[in-house]
Amino acid sequence: MKLEAASEDGQVATGAVKMASGKLRESRINLEVKAASDSETATLRLQIEEIDRQLNTNATDANLWRRRADLTKKLRMNVSTLASLLNSAVLSSNVELMIDCALTYVKERPALAPLAQDSLSELDKGKLLQAIRDESVTAEFHYLLLLVYGARFNDPDIFAQAVSGMKTGFASDNRQFYGFNELRVAHGGGMNYENRVELLTVDDLPRIKVNVKKYLQHIGCCPDIYSIGVVRTQLRKMLSIHLNEEVARTLVGRIEMNFARNWVVPSPSSNMQSYFADQIESWPNSIEEHQPESAVSRWLKLLSMEKIRETPLRDFFTGELYRPPYLFSRQDESELKYGLINTAKWLGETDTIDFPEISDGKQIARTIYRRYSDGEKDWNAFFKSAMRSGDVVAISKTQRLLLLMVSEFGPHKPFSEFILSPRIDATQRQDWNIYTLTMYCDMFRLCLAYRIGVDEQRLFNYLINRIPQPPSGWKDFIDSAEWIIMCLLLTSSPVRRFQLDVLTARALRWLPHWVNKGDYENYAQTLTVLSFLGIGVLADLVPEKLELHQLLEKRRVFWIQHAFSLSTAGKKAFDSWQKACSS
């Protein structure tokens, strides 16, 4: 049927009415319940926490997700209830329940409600698709609504788009899965995402005082008293941003900035430290005074570590906060005996978008994942060859690419076959360079993602003892220090704080070295490392947040696997969804 509508200025718009494939049934989900009492609410919250602990070790248990939904329903956490039901439905291949969830979800959302109508004009269909694609719709609901839309309005292209998008977890859209934030509101924790970093606050002052005291003790061991003043000033600035100025001043103590006048033995070298102290005092305005690519500019941008509060835990795995340890060269990978292109010929057939001439590995990881998601058996050719080779550089690259794949697309089981064994042999003789150091860091993060046991204390004692000290080994130190620090912040080892302090002492030794050389850029890079270490005094909660992050990542995998199954089924899947929508 063709419809025409005239506007006030005489313009005519036309649109065809698209009939749905059969009359859509009503949802069988009823979320209406009476309000729980205070005592009932407290009990229900404890029960939900227990279910979440069980899910963390068994995220693919459909019954656990169903029980979670029953509990959150009683607390009137409607979206959380539907998200849990959806997880249960996906894991049990219950298409009817998925459609019920879709119909219930759109019922209270006017822009999405037309999905339940029997017919829509082309104009209304466009509006509906726009609403489904709104960034506020989380990944699983976005996927579900597109599937139902495609099935309802006989649009296999939209159905296929949904499947294609979910095969990567909608990574290219940066669309997040539901984070179960309603439970945090019930706990009074605010609307911060569950899988984001949380730092200690003023309410945790006793805990912070202990950490700051130990950090200042190590700073005091620096042989250059002028650099001590710079690092203390940097720490005070950071704490004033995350806590407040008064608390920061109390924790760090008084710092006299006029070095030459107030210290007994003035030194010409204090000019460099005075320069950096002035940069801190005039921060953030001082950021604009430097070229963006300079080390001083990067130090100033990271000085406060302010963005870490909004950082997803995923970025602790992929390194969004810091520089890539090394770069992949397409030419080298075609010439090296165990290079990517030499061992996986299909990679040589890719263009420079999928495999750039020079890259940090992210695009290569996406290309390999796409090969895997397309069901090609040779996706792992490089990993098989490299792991058998014994070549440290090649093995290091396997861990780097695996980590990038797992961080973006989730911990799929076939990837775990190529994780380096977490056994550490301190007697093993091997060359230590950036490949070796980051290989172990990447292996550690992969083990966390797959919940593989690691002796964290032994591993990081081993790595820290290998960190180079002046006067040689600067490149290996600066390229690997940030990686090791970020890994340490993820550990739950009882000696974690001690290991951070040891690394602080090693970093401090580079400051007088660069003062003597008059090297402002490398001095700034060392201060950047100390910024990463400084934020450690507030980062005690990171390991506590890791468990929920692991649960959410596992949840992402089984949604992706659902899309794989629909892709494999092809038209049969589309037909079954059409039938389920009208039955």
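The legends below accompany several close-up views of a predicted model.

View 1. When contacts between residues at least 6 apart in sequence are considered, 71% of them join residues at least 24 apart.

**View 2. The largest nonpolar core, around Leu239, Ile368 and Ile484.** This core has 117 residues, and Leu239, Ile368 and Ile484 are the ones that touch the most other members. Its largest share, twelve residues, is supplied by helix H25 (residues 474-490). Leaving out residues up to four places away in sequence, Leu239 touches Val212, Asn244, Ala248, Leu251, Val252, Val537 and Leu538.

**View 3. Helix H20 (residues 381-389) and what covers its buried residues.** The buried residues of H20 are Phe382, Phe383, Ser385 and Ala386, and their cover includes helix H17 (340-343), helix H19 (362-373) and helix H21 (392-409). After H20 comes Gly390, which has a positive phi near 80°.

**View 4. The packing of helix H14 (residues 295-302) against helix H28 (residues 520-534).** The crossing in which H14 passes H28 is left-handed. On the H14 side the contact is made by Ala295, Val296, Arg298, Trp299 and Leu302, while H28 contributes Tyr520, Glu521, Ala524, Gln525, Leu527, Thr528, Ser531 and Phe532.

**View 5. The crossing of helix H23 (residues 434-450) and helix H24 (residues 456-465).** The axes of H23 and H24 come within 11 Å and cross at roughly 165°, which means that H23 is roughly antiparallel to H24. This crossing, too, is left-handed. Leu437, Tyr440, Cys441, Met443, Phe444 and Leu448 of H23 make the contact with Glu456, Leu459, Phe460 and Leu463 of H24.

**View 6. Arg76 in the loop between helix H2 (62-74) and helix H3 (78-91).** Arg76 has a positive phi of about 60° although it is not a glycine, and with a relative accessible area of 49% this residue is partly exposed. Its contacts, apart from neighbours within four places in sequence, are Val33, Lys34 and Ala35. Arg76 and Val33 are 43 residues apart along the chain, yet their C-alpha atoms are separated by 7.2 Å.

**View 7. Asn174 in the loop between helix H7 (156-166) and helix H8 (181-186).** Asn174 is another residue other than glycine with a positive phi, here near 55°. Its relative accessible area is 58%, and Asn174 is therefore exposed.

**View 8. Two cis peptide bonds, at Pro284 and at Pro471.** The peptide bond from Trp283 to Pro284 is cis, with omega near 10°, and Pro284 lies in the loop between helix H13 (270-281) and H14. The bond from Pro470 to Pro471 is likewise cis, with omega near 10°; Pro471 is found in the loop that runs between H24 and H25.

Key: Residues numbered from 1 in each chain as written. Predicted model: local features only at pLDDT ≥ 70, side-chain atom pairs only at ≥ 80, totals over all residues. Heavy atoms only, no water. Core = buried A, V, L, I, M, F, W, Y, C linked by side-chain atoms within 4.5 Å. Buried < 20%, exposed > 50% of the residue type's maximum accessible area, 1.4 Å probe, protein only. Helix = DSSP H or I, 4+ residues; strand = E, 2+ residues; numbered from the N terminus. Contact = heavy atoms within 4.5 Å. Axes fitted to C-alpha atoms, helices over the stretch in contact; angles between N-to-C directions. Left-handed = near helix turned anticlockwise from the far one by under 90°. Parallel < 35°, antiparallel > 145°, perpendicular 65-115°, else oblique.
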